[in-house]
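These are my notebook entries on a structure that I am meeting for the first time.

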Amino acid sequence: MLFATTYIYDRITSALPKELFTSVLEQFDSAFHVAYRRANERADHPEWKEILGRERHWNLEVGFREAGLAAGLSFDTAHTIPLGGRYTVLHSPEFVIGRAKVNAQTDKVRPSKYRSEFAVLNSFVSNRQTDLFMPTPAFYDDRLFGLFVAGADRHNPAIPAFVRFAIPKHDLNGWVFNQPVEKVIAAYVAPERAIEVIPDLAKVKIKLRNHRQ
């Protein structure tokens, strides 16, 4: 898992703009809040819970696209099969990125047709995670399929309990990488370098100061 985590952090920070992750946090927070407010406008309906879920889905889809646009990524909004909905997929030269709802942070995602097809892109990192000493098969598409996963707070439905960026295994039977978006954002901050002091020059400055005194 250490290999996969380090490798994917490197892939993320070199290929995706930090703004994607900061925008996703802002957009998802707003989506949960707006969905809760709109659902409460119909609080007397017995379908309140269903209304909240649908509003949350619609607002998260819009917010996800907005975050992608803010980061300069292109997107598709394909139809579900069977028809009845749409889903957004962001594209960059090195990533294909979707969105998913899960109840707990490490829950598996529903293996929809589009997720199953895109997850095959992660065969390389899935194989490397399984056994570092076995030969890794050659793959001809080096993109990765990522998912922003979010779930509602049971005690406060107006906010997300978590927002994470995750890389599923090629068969969607678990995760190769699954980290809070805040932690991904932190990975973009380069560590501060200590100012290098050359000893000889330091001695010269001390001598000059003593001489002037």
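This is a predicted model: local features need pLDDT of at least 70, side-chain atom pairs count only at pLDDT 80 or more; totals for chains, interfaces and linings use all residues.

**Entry 1: strand β4**

I next looked up what β4 pairs with. I found β3 and β4 running parallel, joined by seven bridges, and I picked out I97, whose bridge partner in β4 is G146. I also found six bridges from β4 to strand β5, which covers residues 160-168, and here the two strands run antiparallel. In this second pairing I noted L147, which stands opposite A166 of β5.

**Entry 2: the chain as a whole**

I stepped back to see where these strands belong, and I counted seven helices and six strands in the protein chain. Reading from the N terminus, I wrote the order of the elements as α-α-α-β-β-β-α-α-β-β-β-α-α. Of the 213 residues in the protein chain, 38% are buried. The chain exposes about 13200 Å², and I noted that carbon and sulfur atoms supply 55% of that area. I also looked at contacts between residues at least 6 apart in sequence, and among these 61% join residues at least 24 apart.

**Entry 3: helices α2 and α3**

I checked the length of helix α3, residues 48-70, against what its residue count predicts. At 1.5 Å a residue its 23 residues should span 33 Å, and the end C-alpha atoms lie 32 Å apart, which agrees. I made the same check on α2, where 23 residues should again span 33 Å and the end C-alpha atoms are 34 Å apart, which also agrees.

Which elements do the buried residues of α3 pack against? I found four partners: α2 (18-40), β2 (86-91), β3 (95-101) and β4 (144-152). The buried residues of α3 include I51, L52, E55, L60, F64 and A67, and those of α2 include F21, V24, L25, F28, F32 and A35. I kept in mind that an α-helix has 3.6 residues a turn, so residues three or four places apart point the same way.

**Entry 4: aromatic rings**

I then turned to the aromatic pairs, of which the count comes to 14. One of them is F21 with F165, an edge-to-face pair with 5.3 Å centre to centre and 85° between the planes. Because F21 lies in helix α2 and F165 in strand β5, the pair ties together parts that are 144 residues apart in sequence. I found both F21 and F165 to be buried.

I looked up F64 and F148 as well, and they too form an edge-to-face pair, with 6.0 Å centre to centre and 70° between the planes. Since F64 is in helix α3 and F148 is in strand β4, this pair ties together parts 84 residues apart in sequence. F64 counts as buried at 0% relative accessibility, and F148 counts as buried at 0% as well.

Which residues form one aromatic cluster? I listed F21, F28, F64, F95, F148, F165 and Y188.

**Entry 5: two single residues**

Is Q179 buried or exposed? Q179 lies in strand β6, residues 175-180, and its relative accessible area of 14% counts as buried. Leaving aside neighbours within four places in sequence, I found Q179 in contact with Y9, R164, F165 and V184.

My last stop was N156, in the loop between β4 and β5. Its relative accessible area is 31%, and N156 is therefore partly exposed. I noted that N156 and Y36 are 120 residues apart in sequence, while their C-alpha atoms are 9.6 Å apart in space.

Notes: Residues are numbered from 1 along each chain as its sequence is written. Side-chain values use heavy atoms; hydrogens and water are left out. The expected span of a helix is 1.5 Å times one less than its number of residues. Buried means under 20% relative accessible area, exposed over 50%, partly exposed in between (1.4 Å probe, protein chains only). Contact means heavy atoms within 4.5 Å. Two strands pair if DSSP finds at least two bridges between them. Accessible areas come from the Shrake-Rupley method with a 1.4 Å probe; for residues, only the protein chains shown count as cover. Rings of Phe, Tyr and Trp (its six-membered ring) pair if their centres lie within 6.5 Å; planes under 30 degrees apart count as stacked, over 60 as edge-to-face and the rest as tilted.
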